[in-house]
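Please find below a colleague's note, arranged as numbered points, to be read beside the coordinates.

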Amino acid sequence: MRYVYDYAEDAPGGRELLGGKGIGLAEMTALGVPVPAGFTITTDACRAYMSGGKVVPEGLDEQVGESIAGLEQRAGKKFGDPADPLLVSVRSGAAVSMPGMMDTILNLGLNDIAVEGQARTTGNPRFAYDSYRRLIQMYGEVVDGVAGHRFESAIADLKTARGVTGDLDLGADDLRELIGTFQRIYEEEVGEGFPQDPREQLRRAYRAVFDSWDAPRANVYRGLYGIPDDIGTAVNVVQMVFGNKGEGSGTGVCFTRNPATGEATYYGEFLVNAQGEDVVAGTRTPEPISAMHERLPEAYVQLTAAFELLEAHYRDMQDIEFTVEEGKLYLLQTRTGKRTATAALRIAVEMAEEGLISRGEAVARTDISQLEQLLHPMLDPTVEVEVAAKGLNASPGAASGQIVLDADSAAERGKAGDDVILVLWETSPDDIHGLIEARGVLTAHGGLTSHAAVVARGMGKPCVTACEGLAIDERAGTVTLGDRTLNVGDVITIDGGTGRVIVGPVRLVAPAIDENFGTILSWADEFSRLRVRANADTPEDAAKAREFGATGIGLCRTEHMFMAPDRLPIVQEMIMASTEVERRAALDRLLPVQQSDFEGIFEAMAGYPVTIRLLDPPLHEFLPAPGEATSDAMRQRIFELHEANPMLGTRGCRLGLQFPEIYEMQVRAIVRAAAAVEARAGEAPLVEIMHPLVGFREELARLRELTERVAAEEPSVAYLCGTMIELPRACIRAGEIAEVADFCSFGTNDLTQTALGFSRDDAEGKFLTYYLEHGILEHNPFEVLDQDGVGDLMRIAVERGRGVKPDLKMGICGEHGGEPRSVAFCHRLGLDYVSCSPYRVPLARLAAAQAALVDAGVTALVIGG
Ligand code: PEP
Ligand code: MG
């Protein structure tokens, strides 16, 4: 059985056999990139060791011995050489990265004699002694289980004795003394002296690395990230190289492109005559990588050649660690470099333009969640903040402003140009005027699909809901955030992307769809099959949606048009009317305003489909709280309209069927608006009239009849009549419903609520939080579509609906329509479009393209390191 592979050899089995580090070093060797000599003890060896009851498998020690001999030959140094010893590091390296979980031993090969040789050849006795004392410490801890604090307190005692505070204040003689102390500790604990034979050191070291696979912390980590226990780790034995051997040596780190901006220039720093720790410790100021051209010219040429080779091979920006030992360059590590969202876009675009990757790959590797930051103002990431309380991240973006506790003040102060944050227990539709003028919304109650969240997302405003640490005393005009008490007018900052609430202002940075973002989006559209529409209720939203590339409106919620301060009194009059004649009179006054709203939207969306949803919420939402009723009649009406479960009550088409005059008015306004826009602009949108909350064929059949009857009385315009699918029954009976529908749009907010029996208004502040914290559910189903449950209902609806009407237009307009995983699901389901808040349109376009690219076999590269 073969257990050991030199980096210079071809090994079968790739990453699984050699681990991430091993495969990286082997690949670099194969590319001709200079790396230190070394070899990998495979995961096979670890598995054999574990399954054999922690016995070294037969032949392993011999194979390691042979590899060491080969290593000595290539390095031109010998293990234990008293003049210039070969030293190695011994590190774990599993196929899956487990940062910090496993053990490492450096400087292996030093002993009492070799350390003196090391001191002489480096001309740096302090460094040599420090290396040796580190070896004794790491080896003692890892191999023999000596408690780390024994070594640490010896260092502390020595510093006290010398009257110094930092490790760096200890000189060469101090460290030599420390070696003696460490060896005494080792002997006391282990019962024998520190091993002087490098081969013995090595044998015991790799055994210890195998053992560390089974250490409690490694087991816990694997449990947490679902990494199987039986894959085992490989062990890498690598020649140590030193950058502190004089002016011809050095060490550094470099990105092959600028990780902040993406610019195609090398970005990094180095230090002459130094080792890695000096760079990290910050005791000396490194020089920019470009200066290496002068200081270490030959190594610089080798280094840049390596950059080119590695980028060409991995086809992505690399983050590289290197050391120059006496003029000779060694790359110690290469991995895919982390980068900002802006840099990621620029790098992807430029690499595609350079021909290094395809356009499809450029789109596929775009990290959608990272891009979200670019679409909203965000907290300056360089500023450290103190979080006073946390809630749900209900609508991304960040805002600072003065606390106001009611919508009227928010509207008034906002209009006057003040930055205010509206802080409420929860919002209701009649807070809309305050929401419009506030910079952001913070509520103590409500979830991700609560009114505040939906409205804020639609407006692209930051919103934090279900903020547990928030208490409001309206009468006193105070707010408690965690343990801070604030007054109305005090400034707070909310970060709707993370749910953080901070006392005081924080510097924000502005959002941007820059040129590279635009390029990636336009490439994305070349690949996607799903169309992306926006949920938009106003001409401004519609314009924003167009700007972000929406190809239509998938949901225009007309109730928001009823809330504006100039309309609410008419709406209330309509609700209060005791006869149909009175009700129609009020509706006649609403008709022209409603028509003008639609005209604005239709103008912005000419040529594209626009879905208008007829009135959905229960009527009581348009009336004040009982205590604020302005008359006995109103109080009486509020009482009549009261329902224990309004979400399951008289709303949607149930309302439309009982009060047909409301829907008649809306249909009339829609048709008139479309005709007017067509006459004016020469083109109207494709109007889609959508009936909410349909569960029975008969409901839609009657409403279709109403729609057609009213439309026939008006100027002729093309329109479609369809329904939302937002009840489980509608999914199951989609075949029948399709008979009377031109299109269906999944309302997954209500579908989630009704399929799961989770109240969308309450669940998130209550048991759902517990479910998520305790792992009963992995995701909030109001945010990430429950594909197994709700998704399966959708699948049934698609099959049955299209079974009856093969070309039935189907889409989604619940909040999930802008969530990347849910968008991918909708793609697989074969929907025609997704619809989401304008600000999420760019992300949905990318998600739609990525889903199509998966079908075409183009996925993001996953490169380890
Ligand atoms: C839905 O239920 O998913 C939907 C889009 O409608 P609303 O959120 O207005 O109930
Ligand atoms: Mg709904």
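1. Basis of the note. The model is a predicted one, in which local features need pLDDT of at least 70 and side-chain atom pairs count only at pLDDT 80 or more, while totals for chains, interfaces and linings use all residues. Residues are numbered from 1 along each chain as its sequence is written, chains are lettered from A and ligands numbered from 1 in the order in which they are written, and side-chain values use heavy atoms, with hydrogens and water left out.

2. The chain as a whole. The secondary structure comes to 34 helices and 31 strands, where helices (H or I, at least four residues) and strands (E, at least two) are DSSP runs numbered from the N terminus. Along the principal axes, the C-alpha atoms fill a box of roughly 105 × 60 × 55 Å. Of the 865 residues, 54% are buried; buried means under 20% relative accessible area, exposed over 50%, and partly exposed in between, with a 1.4 Å probe and protein chains only. The accessible surface comes to about 35,000 Å², of which carbon and sulfur atoms hold 50%, the areas coming from the Shrake-Rupley method with a 1.4 Å probe and, for residues, with only the protein chains shown counted as cover. Among contacts (heavy atoms within 4.5 Å) between residues at least 6 apart in sequence, 68% join residues at least 24 apart.

3. Glutamate 726 belongs to the loop between strand 28 (719-725) and helix 28 (728-732), and aspartate 750 to helix 30 (residues 748-756), so the pair ties together parts that are 24 residues apart in sequence. Glutamate 726 is buried, at 1% relative accessibility, and aspartate 750 is likewise buried, at 3%.

4. Helix 22 against helix 24. Helix 22 (residues 568-576) packs on helix 24 (residues 632-641) at an angle of about 70°, the axes being 10 Å apart; axes are lines fitted to C-alpha atoms, for helices over the stretch in contact, and angles run from 0 to 180 degrees between N-to-C directions. The two helices are therefore roughly perpendicular, given that angles under 35 degrees count as roughly parallel, over 145 as roughly antiparallel, 65 to 115 as roughly perpendicular and the rest as oblique. Gln572, Ile575 and Met576 of helix 22 meet Ala633, Met634, Arg637 and Leu641 of helix 24. These residues divide into five nonpolar, one polar and one charged, where Ala, Val, Leu, Ile, Met, Phe, Trp, Tyr, Cys and Pro count as nonpolar, Asp, Glu, Lys and Arg as charged, and the others, Gly among them, as polar.

5. Helix 20 against helix 23. The axes of helix 20 (residues 539-547) and helix 23 (residues 580-604) come within 8 Å and cross at roughly 10°, which makes the two helices roughly parallel. Pro539, Ala542, Ala543 and Arg546 of helix 20 are in contact with Asp597, Gly600, Ile601 and Ala604 of helix 23, a set that divides into five nonpolar, one polar and two charged residues.

6. Two backbone angles to check. Most residues other than glycine have a negative phi. Asparagine 107, although not a glycine, has a positive phi of about 65°; it lies in strand 4 (residues 104-108) and is buried, with a relative accessible area of 4%. Glutamate 326, also not a glycine, has a positive phi of about 45°, but this residue sits in the loop between strand 9 (318-325) and strand 10 (328-336) and is exposed, with a relative accessible area of 53%.

7. Two buried positions. Threonine 707, in helix 27 (residues 697-712), is buried at 0% relative accessibility and, leaving aside neighbours within four places in sequence, is in contact with Val667, Ile689, His691, Tyr719 and Cys721. Valine 404, in strand 14 (residues 398-404), is buried with a relative accessible area of 2%, and its contacts, with neighbours within four places again left aside, include Ser409, Arg413, Val420 and Leu422.
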